[in-house]
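Please read it beside the structure shown here.

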Amino acid sequence: MSNIKSAMIMAAGFGTRMGTLTQDRPKPLLELGKARLIDHALAHLRDASVEHAVVNLHYLADQIQSYLSGTRAPRISFSVEEPKILDTGGGIVHALPQLGTKPFAVLNSDAVFRGPNPISILCEHWNADLMDALLLLVPTTSARAYQRAGDFRLSTPLAAPERRGKASSAPFVYTGAQIIRPEVFENAPAGAFSTNLIWDQLLRDGRLRALPYDGTWVDVGTPAGLREAEAVLREPV
């Protein structure tokens, strides 16, 4: 089992698909049950014994900083992206000085899981001899409020995922959770870019692996997704 102690929570986005809900509040602070969306991500990290979380910020950053100012576990630091938002890959590069030199976890602030702890699952299967990044995927059949075409095919657990390519659909979607080595960003471009650029290079190098999630995942991108997440959290595990 891997000993992952640092993580990044992606929380910089504008949340535009949430409409009026995010006009004066960042999406990570939307209420979900008795907590906020970002609290669910923090709980996964805390339960997986992650000690330090870097939260990237851009839209209404001061609200998230204020809300998390009293958090003690995990210890929180912030990576503020100014003047422009840096996308997933650029956001990680910007935060690397705080993330350290060892592999770290990444988790979206709006990722809602019902079932096994996603970070613990990744940690249990991380193998530094075989991989530079390990993605957590979920079957589209277990993805709630998800209406897109899927991202990957996966022949067996811990195999290299295959891109959807020109196919009309793919059976797995990326959940927003992964473990990745900081070294893979050494030659990354400056500014904003997607982590997909890094994954494509790792696929060419044979160093990308993926794992299916045995639980329910909710795509909290719209008000309907938020309502679906509330319903899922009321369901028995």
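In this predicted model, helix H3 has 13 residues and reaches 17 Å from its first C-alpha to its last. That span is close to the 18 Å expected at 1.5 Å a residue.

- The buried residues of H3 are Gly89, Gly90, Gly91, Ile92, Ala95, Leu96 and Leu99.
- In an α-helix, residues three or four places apart point the same way, because there are 3.6 residues a turn.
- Asp87 is found in H3 and has a phi near 65°, a positive value in a residue other than glycine.
- With a relative accessibility of 41%, Asp87 counts as partly exposed.
- In H1, the buried residues are Leu37, Ile38, Asp39, Ala41, Leu42, His44 and Leu45.
- Just after H1, Ser49 takes a positive phi of about 65°.

**Largest pocket**

- The volume of the largest pocket is about 970 Å³.
- Its lining consists of 41 residues, and those closest to the centre of the pocket are Met10, Asp87, Thr88, Asn108 and Asp110.
- At least two lining residues come from each of helix H3 (87-99), strand E6 (104-108), strand E12 (172-180), helix H5 (196-205) and strand E14 (216-219).
- Strand E12 gives the most to this lining, with five residues.
- By class, the lining of the largest pocket divides into 18 nonpolar, 14 polar and nine charged residues.

**Second largest pocket**

- The second largest pocket holds about 160 Å³ of space.
- Its lining is made up of His40, Ala43, His44, Ala111, Val112, Phe113, Arg114, Gly115, Leu233 and Val237.
- Helix H1 (37-47) and strand E7 (111-114) are the elements that give two or more residues to this lining.
- E7 gives the most to the lining of the second largest pocket, with four residues.
- The residues of this lining divide into six nonpolar, three polar and one charged.
- His44 is one of the residues lining the second largest pocket, and His44 is also among the buried residues of H1.

**Backbone exceptions in loops**

- The peptide bond from Ala73 to Pro74 is cis, with omega near -5°.
- Pro74 sits in the loop between helix H2 (61-68) and strand E5 (75-80).
- Glu82 and Pro83 are also joined by a cis peptide bond, with omega about 0°.
- Pro83 belongs to the loop between E5 and H3.
- Ala145 is not a glycine, yet has a positive phi of about 65°.
- The loop between strand E9 (143-144) and strand E10 (152-153) contains Ala145.
- Ala145 has a relative accessible area of 33% and is therefore partly exposed, as the range for that class runs between 20% and 50%.

**Aromatic contacts**

- The whole structure contains five aromatic pairs.
- One of them is the edge-to-face pair of Tyr174 and Trp199, with 4.8 Å centre to centre and 75° between the planes.
- Because Tyr174 lies in strand E12 and Trp199 in helix H5, this pair ties together parts that are 25 residues apart in sequence.
- Tyr174 counts as buried at 16% relative accessibility, and Trp199 is buried with a relative accessible area of 5%.
- Ring pairs link Phe152, Tyr174 and Trp199 into a cluster.
- E12 and H5, the elements that hold Tyr174 and Trp199, each supply at least two residues of the lining of the largest pocket.

**A contact across the sequence**

- Leu130 is found in the loop between helix H4 (118-125) and strand E8 (133-139).
- Is Leu130 buried or partly exposed? At 43% relative accessibility, Leu130 counts as partly exposed.
- Leu130 and Gly206 are 76 residues apart along the chain, and their C-alpha atoms are separated by 8.5 Å.

Key:
Residues are numbered from 1 along each chain as its sequence is written. This is a predicted model: local features need pLDDT of at least 70, side-chain atom pairs count only at pLDDT 80 or more; totals for chains, interfaces and linings use all residues. Side-chain values use heavy atoms; hydrogens and water are left out. On a 1 Å grid over the protein atoms alone, a cavity is a set of points where a 1.4 Å probe fits but cannot get out, and a pocket is an open set with protein on both sides within 12 Å along at least five of seven lines; lining residues have an atom within 4 Å of a point. Grid points are joined across faces, edges and corners, and a volume is the space filled by probe spheres set on the points. Ala, Val, Leu, Ile, Met, Phe, Trp, Tyr, Cys and Pro count as nonpolar, Asp, Glu, Lys and Arg as charged, and the others, Gly among them, as polar. Buried means under 20% relative accessible area, exposed over 50%, partly exposed in between (1.4 Å probe, protein chains only). Rings of Phe, Tyr and Trp (its six-membered ring) pair if their centres lie within 6.5 Å; planes under 30 degrees apart count as stacked, over 60 as edge-to-face and the rest as tilted. The expected span of a helix is 1.5 Å times one less than its number of residues.
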